[in-house]
Amino acid sequence: MQPLPQTPTDRRQPKSLADLFIAFSVLALQGFGGVAVVAQHELVERTRWMTNEEFVEEWAVAQIMPGPNIVNMSIMIGARSFGVPGALAALAGMLSIPLVLVLLLALVYSRYASHPDVVGAMRGMGAVVAGMIFAMGLKLSSTMKTNPLGIPLCIALGVACFIGTVLLRWPLLYVLLGLGTVSCLLTYRRIKP
Amino acid sequence: MIATPILAMHPTDWLSLFGHYLYLSALSVGGAITMAPEMHRYLVVQQHWLSDAQFTSSIAIAQAAPGPNILFVALLGWNIGLNTGSIAVALFGLCITMTGILIPSSTMCYLAARWGHQNRDLRAVRAFKQGMGPIVISLLGATGWILASAHNNPAKDWRMWLLTAATALLIWRGKIHLLWLLAAGALLGWFGIV
């Protein structure tokens with residue numbers, strides 16, 4: 001299959017399949033409690049393979065498709081430069097070294113699982129991971145300045161989504177289908193054909 | 001507690017395990033973790049291939065290790081194989097569940113992304129990608145909130161929130177590397193400060 005066509009921009013490109021594999025391994029190995037947290041940092045700030053605006057747009061696609069967001073994201077970025085081989089290289093980078101580590105951890109887990117210091121360390125790391133996710137949301141919220149919906153409508157939709165998921169505990173699927181549809185229709189009306 | 005099952009897995013069992021994961025993959029909007037309750041029903045309650053403890057620890061270990069959370073699916077397959085008493089079968093089980101959970105969703109994502117890229121100037125594609133922006137960002141806030149409030153210890157909770165807020169500020173406004181913050185969080189937790 002041919003690589004996907006490119007839009008001319010000043011962002012960088014992955015140089016080779018090995019480049020993709022290594023970048024996604026580095027990304028995955030920093031992701032404790034989930035990789036989404038470091039994805040924006042690695043893909044936008046370090047490798048500069050995407051802009052913040054592109055990240056938000058591609059993340060929307062990764063979110064709406066079945067499968068883990070970050071796995072979908074790696075496939076999309078790999079495919080953008082090198083077609084199917086790129087997608088496979090990025091996916092392999094995302095999964096292979098972490099898989100070995102998970103198996104090693106499973107082998108030692110039974111001995112230390114109930115150690116109170118280990119439980120405490122996991123709690124502390126959990127709080128840091130939560131902070132990282134907030135920071136990612138704050139950084140990406142700057143892209144809303146150029147969103148066709150306008151800042152007030154973006155805030156209203158964001159607040160509604162937060163209330164639905166956190167306070168009312170709606171299933172993610174309903175939030176994406178319900179609020180997502182409203183948001184996309186409003187955007188459709190506002191952008192020029 | 002129910003003891004760890006000892007299994008004799010037949011080829012048809014592996015095939016139904018594979019088929020079940022293909023089916024779960026196609027439905028797993030929001031990530032494989034949203035399918036965990038269904039996996040529990042199938043693997044533990046219906047088939048008795050795993051014990052409750054094996055299921056729960058598989059998820060906990062995958063969360064604790066670096067890498068995507070989806071690796072808990074690999075551990076489930078690994079443990080099913082291990083219950084037959086052989087490391088080789090454990091590796092085989094791991095391959096069955098991981099390829100099952102990855103193939104349908106990855107294929108769908110690849111095709112959708114390619115279609116979206118080729119039609120990126122269509123008004124509907126632009127409306128979708130930009131319209132989802134506020135939802136995507138808000139969902140990050142919601143995820144952070146749910147993770148940060150997953151404690152039931154009122155006396156210590158304010159310190160956890162403080163650590164979360166400090167981390168968010170440091171990363172948002174500063175240049176500090178994420179791994180230093182994770183290490184700091186682990187140390188604070190280890191010594192019982194948070």
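Colleague: Why is the pair K129(B) and E58(A) called a salt bridge?

Modeller: Their closest N and O atoms are 3.1 Å apart. A salt bridge is a side-chain nitrogen of Lys or Arg within 4 Å of a carboxyl oxygen of Asp or Glu, so K129(B) and E58(A) form one. Keep in mind that this is a predicted model, where local features need pLDDT of at least 70, side-chain atom pairs count only at pLDDT 80 or more, and totals for chains, interfaces and linings use all residues. Residues are numbered from 1 along each chain as its sequence is written, chains are lettered from A and ligands numbered from 1 in the order in which they are written, and side-chain values use heavy atoms, leaving out hydrogens and water.

Colleague: What makes K129(B) count as buried?

Modeller: K129(B) has 12% relative accessibility. Buried means under 20% relative accessible area, exposed over 50%, and partly exposed in between (1.4 Å probe, protein chains only), so K129(B) is buried.

Colleague: How many salt bridges does the rule find across the interface of chain A and chain B?

Modeller: It finds one, while the count over all chains comes to four.

Colleague: Which residue forms a salt bridge with R46(A)?

Modeller: That is E42(A), with the closest N and O atoms 2.5 Å apart. R46(A) and E42(A) are four residues apart in helix α2 of chain A, so about one helical turn separates them. A helix here is a DSSP run (H or I, at least four residues), while a strand is a run of E of at least two, both numbered from the N terminus.

Colleague: Why is R46(A) called partly exposed?

Modeller: Its relative accessible area is 42%, whereas E42(A) is buried at 2%.

Colleague: What does the salt bridge of K139(A) with E45(A) look like?

Modeller: The closest N and O atoms are 3.2 Å apart. K139(A) lies in helix α5 and E45(A) in helix α2 of chain A, so the pair ties together parts that are 94 residues apart in sequence.

Colleague: How many residues of chain A are in contact with chain B?

Modeller: Contact means heavy atoms within 4.5 Å, and 96 residues of chain A are in contact with 80 residues of chain B.

Colleague: Is Y174(A) buried or exposed?

Modeller: Y174(A) is exposed, because its relative accessible area is 56%. Y174(A) sits in helix α7 of chain A.
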